[in-house]
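Me: I would like the labels used for this model set against their cut-offs. Please take them one at a time.

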Amino acid sequence: MLRTKRKVPSLVDLCVSLAVENVKYLGDVGETDLHLLDRILPHCTLDQLMHIEKSTVGRDLSSVTDKLWKTFYEKQFGERSTDVVIQRMRQKKVAFRWLQLYEAKLKDIAEAENKLAARIRQLYKKEDDRKQSRQVRLCSKVPPSSNKRSFCGGNGPGYNLSNGKSNLMKKAKMDFLKSREVQNIAAMKKNALQRNSSSSSMMKPPGSFPGKSSASTNPMKPLERRF
């Protein structure tokens with residue numbers, strides 16, 4: 001039987017594999033060879049690659065990371081946006097690192113979101129001011145009545161409808177009794193009663209007093225004619 005020979009990994013390969021497995025712990029790469037970084041850094045996430053870029057001091061990693069940042073830019077902002085950036089750089093004959101383009105794009109998006117949020121807050125504030133001014137105008141045009149009915153109960157004015165109605169009826173009754181027509185009718189009734197009492201006293205026969213004997217009241221018998 002033929003045995004396939006298995007290649008024994010070198011010490012460099014073992015170190016690269018160990019670095020890839022622990023890439024989340026990488027920071028300043030120092031003077032690590034670029035060909036090794038080219039094998040390690042493609043395994044980084046966006047945040048991990050950003051951390052390595054910011055942590056590495058005094059060294060430009062764009063020769064390795066620039067193509068990685070272009071990939072992240074295209075994934076996050078779309079292929080169309082990436083093509084637009086490339087076309088503009090060609091037209092203006094300038095070149096920027098894709099890390100710089102990525103950070104500039106994030107800044108533009110944040111500014112646009114802040115402007116939109118400020119615009120929305122302004123619209124809400126304008127709407128609130130309009131509602132408040134409308135309420136002030138309504139209150140100035142129609143002041144609240146002290147006799148306003150309250151259907152929720154409480155100790156405020158108008159909460160007891162029966163008392164309000166009785167007070168109104170009493171006031172209306174007093175006004176009616178004080179009116180000229182009612183006073184004239186009362187005076188006429190009073191005069192009529194006085195006339196009735198005086199006429200009844202005049203119709204009584206003289207000498208008829210209560211308590212007298214019946215002899216004085218009996219009619220006298222006629223005298224017999226004598227022949």
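Reply: Contact means heavy atoms within 4.5 Å. Among contacts in the protein between residues at least 6 apart in sequence, 55% join residues at least 24 apart. This is a predicted model, in which local features need pLDDT of at least 70, side-chain atom pairs count only at pLDDT 80 or more, and totals for chains, interfaces and linings use all residues. Residues are numbered from 1 along each chain as its sequence is written, and side-chain values use heavy atoms, with hydrogens and water left out.

Me: What makes up the secondary structure of the protein?

Reply: Nine helices and zero strands, in the order α-α-α-α-α-α-α-α-α along the sequence. Helices (H or I, at least four residues) and strands (E, at least two) are DSSP runs, numbered from the N terminus.

Me: Why are α4 and α5 called oblique to each other?

Reply: Helix α4 (residues 62-77) and helix α5 (residues 79-92) pack at about 130 degrees, with their axes 6 Å apart. Axes are lines fitted to C-alpha atoms, for helices over the stretch in contact, and angles run from 0 to 180 degrees between N-to-C directions. Angles under 35 degrees count as roughly parallel, over 145 as roughly antiparallel, 65 to 115 as roughly perpendicular and the rest as oblique. The pair is therefore oblique.

Me: Which residues make the contact of α4 with α5?

Reply: Lys70, Tyr73, Glu74 and Phe77 of α4 meet Glu79, Ser81, Thr82, Val85 and Ile86 of α5. They divide into four nonpolar, two polar and three charged. Here Ala, Val, Leu, Ile, Met, Phe, Trp, Tyr, Cys and Pro count as nonpolar, Asp, Glu, Lys and Arg as charged, and the others, Gly among them, as polar.

Me: Why does lysine 93 count as exposed?

Reply: Buried means under 20% relative accessible area, exposed over 50%, partly exposed in between (1.4 Å probe, protein chains only). Lysine 93 has 77% relative accessibility, so lysine 93 counts as exposed. Lysine 93 lies in the loop between α5 and α6 (98-141), and its phi is near 55 degrees, a positive value in a residue other than glycine. Across the protein, buried residues make up 16% of the 227 residues.

Me: What is glutamine 48 in contact with, beyond four places in sequence?

Reply: Glutamine 48, in helix α3 (residues 46-55), is in contact with Val23, Lys24 and His43.

Me: Where does pLDDT stay under 50 with zero contacts beyond four places in sequence?

Reply: Over residues 205-227. pLDDT is the predictor's confidence in each residue, from 0 to 100. Residues 150-162 also stay under 50, with nine such contacts in the model. Where pLDDT is low, the predicted coordinates should not be read in detail.
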